[in-house]
Amino acid sequence: MPKIEIPLGDFLPLAGLESTDDLEKLLESLKAELDGLYEKTVKIELNDTNRPDLWTAEGVARGLRCWKNGAESHLDSMADPVAHIDVHSDLKEIRPYIAAFTATGWQVNDDGLESLITAQEKIASSFGKERKTAAIGFYPLDGISFPVRYETTSPETSFQPLGEETEMTLSEVLEKTEAGLKYAGLLSNFQEYPILIDSSGAVLSFPPVLNSHSTGRVVPGDSRLFCEVTGTDWHTVNLTATILACNLEDRGAVISTVEIRYPDGETTVTPVLYADTLTATYKEISGMIGMDAEELDIKTLLSKMDYCGIEVGEDSVTAVMPPYRRDGIHPRDLMEDIVIAIGLNNMTPVLPSEYTVGSAAPVETLARSVKALLVGAGCEEIMRPILTSFDRISIRTRTPEPPIRISNPMTAEYGVVSSTLLPALLEVESSSGHAAFPHRLFTVGEVLCRTGSALCHTQMNLAVSTGDGDFGAVHSILGIICHLRGLEFSLKPLDDPRFIPGRSAAVLINGEEAGILGEFHPGVLEAWGITVPVAGFELPLESLRG
Amino acid sequence: MSETVSKDLHPLEKTLLNWLSEHGSGSDMEAMEGTGMDEGSCRRALQWLFSREMAQVVFSETTVTVELGPVGSFYLEKGTTPELALLEAVRNGISSLPEIQKNELFERAQWGSAMGALLKARILKKSSEGLILNDLSGGVFSAIWSSVYSPASQGETIHLSELDEKVAAEISNRAPKRGKSRAEFVINETTSSVIEITSAGREALESARGKSTIGILTREILASGEWKNGSFRRYQVDIPPSRIHIGRLHPYAMFLDSVRDKLQAMGFQEMKGPLAESEFWNSDALFMPQFHPARDIHDAYYLEDGVEVAPPPRDLGSKVRAAHENGGNTGGRGWEYSFEWDRSLRTIMRSQGTALSARTLGSNPDIPGKYFGIAKCFRYDQVDATHLPDFFQVEGIVLGEEINMRHLLGLLKLFATEVAGATEYKFVPAYFPFTEPSVELHVKHPTLGWFEMGGAGLFRREVCEPMGIDVPVIAWGLGLDRMALLALGLSDIRDLLNPDLARLREMKSTPEKLLGGDENA
């Protein structure tokens, strides 16, 4: 979940707050948490991954203002396009979309600049998929000669990137700068790279990597800005541009649109404002929240959530989401905002009145019965993770069937899924040489096994082992368990690499082959660093059901 | 029990008291000789009697005696010491050390140190003509011979305190505390005490006389009736027992079972599902778009190529796909992207317990119905004090015609009081991809204070509609790890699955301690 740290001196006036006293409570309405309150800054965690508008100081402040004062207008009076951008057809496969606007009349200050940078980082990295679907650039407007061309160019084109001393080619930027190294992967499949150039031929930026030093450096005091967003997904690009335009408008800037001209002759005036309209019937609302919707002041409630165009009809309500949101994809989303506005803690909890009968899963009931017998036999239950290593299962324990591997393990230590529980018991034995003997151990747990060649299935197994105990020791435990479960059991000699030849057997329960029992081979014990004889058995728990 | 002090007399105590009672008092050495005990037994029995005030010390004295060490005994055999022999040689006109050292009576080094000692004591002095006698009597060295060597040769005990001051000082110098094998003298300190029996001792002896004391009650004593004539030695019952190791359930498994019991008692049926899942059941069926950040390759474990789970029914697959792409029949517009069927079929280790709920929704669940699952889940996290490679999630669903938000809050309130034993709780708006509205439950736990205990919400229509579920469904999940750690007295989550049996044996079996409904918690 994104976290932002913002200066209190900037944020509190913007949010219309006198102090941070009620901040924690107020943030709940935005699904946000107060993560840390410091002398000069506040850290906020934003839990809704579909609300990138909240990942900036302006967005959180706006939400709190509306909660208190009701809905605001957004980008109602954007000026007609003052500039345009020509998009080249070669970008279609690389990075086809761009949205842009200008913001004038608000003088950039330190906090405002920091907020622009936060927006650039947070929105482009998370919502913009590490700048793939959206990357952001800000520029002083007056240095640019329109129209701007968004086109492709050779990797050998050079310019002076922001923060570098000299000119570099685009290839060098990708190889030598921090941003270049980080985002080079986005361009690795292409022969040519995207570039923004103005009509005088000056490079504005190398999207999605770096702005130019000469045209792309915004400093406090600037009051005329140009902003562009490029990316591979139109809605991500346009929503990002809309959010930034709303943020700058909230700070006092006048927003003007920019016209984008595509090579096929189509034009788009950006940002394109969303106005997602949601309708829910009173019946739906009442049924969902458990309160009579007609008795609620839905207009006020939705206004707190910054909806506009609220129409309260005969049997339904319609409302328009603000343009910086695009997460209203179902009437349920409108209903949730009503619930939040009512306040969850203002609703009276009730219990479902319909009677239902509880029960444990049959395999868990069986496990409980068998475990009770094992405890009676003096066995101690152990638990180990399901993810384990090939080394433990196949190399040290010599399990004949290979376990199922994880294709993207974090470490080899957890590189396979347990297919057998005996290695877990041996691992405990190898870590417990200093614990008083004898050791009678058991574990009950899920394992993942192959079914045929391709499919896998999950099975609950039981494994028992005796440290400083021989074949007879585990044989007796299995014997008494089967006896008390009313099962016929027998052993059929079966050599297995895990066990001493002639001292292992297939376990037959009611005539069916179920598991394996034996005295571990000294080679296995040596591989585990175990210095006492160990015997064990393993079988599917279901085989003990009878 | 032979080492245990009992109120009845131990045989050693009885023997010693008998001797003391006969003699009134006596020294410890006399008692040892008189009773025939070895030194250790006698000391032990005396300590027991002192601690029970059955005997007391009336007088104790430390004596310091001098014995010849190995070197001293060697000198005694020679009939002289190097110092005396050297003085004799000087008297006989030998006036240089090298000349004296030709005499093999003693070693060169012994002659050397003897001369050093004589020079230091000013008995001998060096002049231009060689060595000259200063003190004809031989001073302290003659005195040592007469007051130590001579009596020692007669087997007499020599008390250090009775020796001349100078002699005693010289002897102390020559009796090192270490390296006694090369010492001329050995000084021994011994404390001897005079002990007498007390009235409590006489009483105890009195009551013990004439009766046999029974220690361990044996079959033979019972069979013979011998116990009728004896008394039982009283055990000291307040000493700690010896530690035994017993068969037991793992405390964490017990904790999970107590959660299972609670949920059953609230009318929930348990769900079970596979450890490995297709992305379909793990995420798609839960309306998590395929581009969702939590579905990144780095958030789930993928199985090796060629290992799969059975694909979902074809028509269900189409409906889920439609819900994602354009909303299908759900009444919404969907996520507006191109759904990839191949992605849906990829096999991962279950990353959320909600996959179980998805499967339950898709297999004709009871309506009304309540379900829960205690599911092993796998997250792509570094293992540390708060993360295990796989962990249990407790979650479930509630289906019913009448179900609404207030029931969801009612259920969460029940979890707060029944499962966590919470005194206060609150609801906070939350975000989960598959529920809308979504709620977090924060509880004030009696020990842990405020913490986020779980999340819940109403499943989105995009989740239920493709499964053919027309009634509202509550989905809920509880995070119980912190409660488990507290219940079991641990602070590191890795300790829950520790492979060290010695440490496991120290874990407390108190899993029910933190679950609500226990009045004594």
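# Briefing on a predicted model of chains A and B

Strand 21 and strand 22 (residues 416–417) of chain A pair in the antiparallel sense over two bridges. Strands are DSSP runs of E with at least two residues, helices are runs of H or I with at least four residues, and both are numbered from the N terminus; two strands pair if DSSP finds at least two bridges between them. The model is predicted: local features need pLDDT of at least 70 and side-chain atom pairs count only at pLDDT 80 or more, whereas totals for chains, interfaces and linings use all residues. Residues are numbered from 1 along each chain as its sequence is written, chains are lettered from A and ligands numbered from 1 in the order in which they are written, and side-chain values use heavy atoms, with hydrogens and water left out.

**Sheets of chain A**

- Strand 2 of chain A runs antiparallel to strand 3 (residues 41–46) of chain A, and five bridges join them; A:Ala32 has A:Leu46 in strand 3 as its bridge partner.

**Strand pairing in chain B**

- Strand 2 (residues 55–68) of chain B pairs with strand 6 (residues 185–197) of chain B in the antiparallel sense over 13 bridges, and B:Gln56 stands opposite B:Glu196 in strand 6.
- Strand 2 of chain B is also joined by two bridges to strand 5 (residues 158–159) of chain B, and these run antiparallel; here B:Val66 stands opposite B:Ile158.

**Helix packing in chain B**

- Helix 1 (residues 11–23) and helix 3 (residues 39–51) of chain B pack at about 85 degrees, with their axes 9 Å apart. Axes are lines fitted to C-alpha atoms, for helices over the stretch in contact, and angles run from 0 to 180 degrees between N-to-C directions.
- Helix 1 of chain B is therefore roughly perpendicular to helix 3 of chain B (the term covers angles of 65 to 115 degrees).
- The contact (heavy atoms within 4.5 Å) involves residues of helix 1 including B:Leu12 and B:Leu16, and residues of helix 3 including B:Trp48 and B:Leu49.
- The residues in the contact of helix 1 with helix 3 of chain B comprise eight nonpolar, one polar and two charged. Ala, Val, Leu, Ile, Met, Phe, Trp, Tyr, Cys and Pro count as nonpolar, Asp, Glu, Lys and Arg as charged, and the others, Gly among them, as polar.
- Helix 4 (residues 70–78) and helix 8 (residues 139–153) of chain B pack at an angle of about 85 degrees, their axes being 11 Å apart; helix 4 and helix 8 of chain B are therefore roughly perpendicular to each other.
- In that contact, B:Gly72, B:Tyr75 and B:Leu76 of helix 4 meet B:Trp145, B:Tyr149 and B:Ser153 of helix 8. The contact of helix 4 with helix 8 of chain B divides into four nonpolar, two polar and no charged residues.

**Domains**

- Chain A has domain 1 (3–69), domain 2 (79–270), domain 3 (277–345) and domain 4 (362–544), with bounds from an automatic or database domain assignment.
- The centres of domain 3 and domain 4 of chain A, taken over C-alpha atoms, are separated by 57 Å.
- Chain B is divided into domain 1 (11–64 + 193–232), domain 2 (70–161) and domain 3 (251–273 + 352–514). The C-alpha centres of domain 1 and domain 3 of chain B lie 67 Å apart.

**Interface between the chains**

- Chain B contributes 97 residues to the contact and chain A contributes 86 residues.
- About 7900 Å² is buried between chain B and chain A, with 57% given by carbon and sulfur atoms. Buried area is the accessible area (1.4 Å probe) that two parts lose on being put together, summed over both.
- On the chain B side, B:Arg333, B:Arg406 and B:Tyr431 lose the most area to chain A, together 9% of what that side buries.

**Backbone features**

- Most residues other than glycine have a negative phi, and most peptide bonds are trans.
- A:Glu130 has a positive phi of about 55 degrees although it is not a glycine; A:Glu130 lies in the loop between helix 4 (110–127) and strand 6 (135–140) of chain A.
- A cis peptide bond with omega of about -5 degrees joins A:Thr270 and A:Pro271, and A:Pro271 is in the loop between strand 15 (267–270) and strand 16 (277–281) of chain A.
- In chain B, a cis peptide bond joins B:Glu436 and B:Pro437, with omega of about -5 degrees; B:Pro437 is in strand 15 (residues 435–445) of chain B.

Methods: Angles under 35 degrees count as roughly parallel, over 145 as roughly antiparallel, 65 to 115 as roughly perpendicular and the rest as oblique.
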